[in-house]
Amino acid sequence: MAFTCVVGLQWGDEAKGKIVDVLTPKHPFVVRFNGGANAGHTVKFEGKTFKLSILPTGILCPTATAVVGNGVVVYPPRILEELKQLTEGGVDALPRLKISTSAHVILPYHFEQERLSETGKGSGEAIGTTGRGIGPCYEDKAGRRWAIRMVDLLDEAALHQKLIPIVERKNRLFKALDPNAKQFDAAELAREFAGYGNILRENICDTQALMGECSDSRVGVLFEAAQGSLLDLDHGSFPYVTSSNSSAAGIWSGSGFPARKLDTTYGIVKAYTTRVGGGPMPTELLDGPEGIGEKIRQVGREFGTVTGRPRRVGWLDAVALKHTARLNDADVLCLMLLDVLSGHPELKIAVGYEIDGKPYSGFPSDAAILARCNPVYETLPGWSEDITGARKPSDLPQAALNYIRRVSELVGRPVAVASVGPDRAQTIWMNGGEGA
Ligand code: IMP
C-alpha cells in the first residue's frame, strides 16, 4: 500500500479534491495535516453536492478513515455542521473520523481577534484572510500559554480553569484595541466547548500514534494538503500567506507521519494561476472587464468557495512552480482546468522574472521583492476546440499537447494528469493507467 501526498503548487484552489477523489479508494486513511476551515471544497458524490472545509474530502469514500491531524486548527461547530451535512446526504462519517487530541481549537474570540487585525485595529496591513479564526489560533499555539487543544474539551472543569486567564487577557486586549469589541465569558465558553467534546469524545484520539502504526505496518495513507504551497507560512510569499505549512513540509509536524516514507507526491497545478486575498502575483491579468483575465474567471468559475470573493487570475507562472515543485519534491504534476484555456489564440507562461530590467533568479521569499518582479513571458499558440470531451491524450489538439509538454519541461517534472472538466471521467492520464 502506498503513502501518497496531494499538494497544491500555487496559491490554493488548484482542484486538489478531484485528484484526492480518484486516489482515496486505494488508501485506508486520508489525512488533513494543516490549516482549518479556510479550505473550501465543493465535492460531488453520488449526485449530491457537499461543501467541506475542515474534514478531509476523502471522508466521502465509505472505506476511508478520515484523520484531522495535530497540525489542523479545529472549530468544532464547523466539524459538527459538516458531519450533519454528510449524514443528511446519506454518508455515515462519524464512526470513520479521528481527530487529534493535540489539534488546537478555534474559539469565538479568535474570530474577533482576526476582525480586529484585519480592520486595522490591530497593527499592520490586512492580509485578506478568510475570517475563519485560523491565524489567531495558530498565534496562540505558538504562544502556548493561551492555547486550547482538543484534549482540553474532554473535561469541562479543567477547561473552565484554563479559559479564565485566557479570556480575561483577550477581553482586555480587545477593549484596548476597540472600545466596541466583543467580550467573552469563560464559563459559557467552557460549557459550550465541553459539549462539543462530549459529542466527539469517541473521535478524539492519539492520531500521531495511529500514523506511526500505519507507517510501521504499511497501511496506505493519503495526505491532503490544504491551500497551496505559495501560501506556506515558511516557504510562501510572506507575509501574504496562511499561518501553517501548506506544502508537504507540514506532513511530518502536522500529522506525526515520517514524511521521508512518502512514495508519491502529486503536485496539483491549475493550467493558469489564481490567488485570493492580498499580496503580489506577478502574472496577474489586470486587463479589465472585457479582458482575458475576466474571461478565464468566468469560464473557470473563479470565485472563492469559503468567502465568495472573485479570485485574481493570471497566466501560468513557471518560476513559482519550479520553486514549489522542488520544495515538495513533486514526483508528477496534475494540470487542472486545462479546458478553461480553450478559445484563446495565444497563451503565455512566465519563464523568468526581471527587476528593473535585470534578470532575477528564483522565486523571492519576500513579498516586497516579489512585488517588484516583472514576468518574462513565452507565448504559445492556443487552441479553439472545446476539449471537455477528451478522454485520452490523442483526443487533445496538438496545441494543448504542446502546452502540457512545455509546462513539464519548464517545471522539470512529468505531467501525469490533464484535467478537462469537473467529472471524474474528464481526467486524462497522460501515460495510461491511474497512479498510486
Ligand atoms: P487565512 O488562511 O484565512 O489566514 O488567510 C491567509 C491567506 O490565505 C489569504 O490570502 C487567503 O485568501 C488565503 N487562503 C486561505 N485558505 C485558502 C484556500 O483554501 N484557497 C485559497 N486561498 C486561501
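Let's call a residue buried if it has under 20% relative accessible area, exposed if over 50%, and partly exposed in between (1.4 Å probe, protein chains only). The model is predicted, so local features need pLDDT of at least 70, side-chain atom pairs count only at pLDDT 80 or more, and totals for chains, interfaces and linings use all residues. Residues are numbered from 1 along each chain as its sequence is written, and side-chain values use heavy atoms, with hydrogens and water left out.

**Exercise 1.** Work out what kind of pair F3 and F257 make, and where they sit.

*Solution.*
- Start with the rule: rings of Phe, Tyr and Trp (its six-membered ring) pair if their centres lie within 6.5 Å, and planes under 30 degrees apart are stacked, over 60 edge-to-face, the rest tilted. That rule gives 10 aromatic pairs.
- Here the centres are 4.8 Å apart and the planes stand at 65 degrees, so F3 and F257 are edge-to-face.
- Next, find them: F3 is in strand β1 (residues 3–8), while F257 is in the loop between α8 (250–255) and β11 (264–270), so the pair ties together parts 254 residues apart in sequence. (Helices, H or I with at least four residues, and strands, E with at least two, are DSSP runs numbered from the N terminus.)
- Finally, both F3 and F257 are buried.

**Exercise 2.** Classify the pair Y75 and F193, then say how accessible each residue is.

*Solution.*
- With 6.4 Å centre to centre and 50 degrees between the planes, Y75 and F193 are tilted.
- Y75 has 22% relative accessibility, so call it partly exposed.
- F193 has 0%, so F193 is buried.
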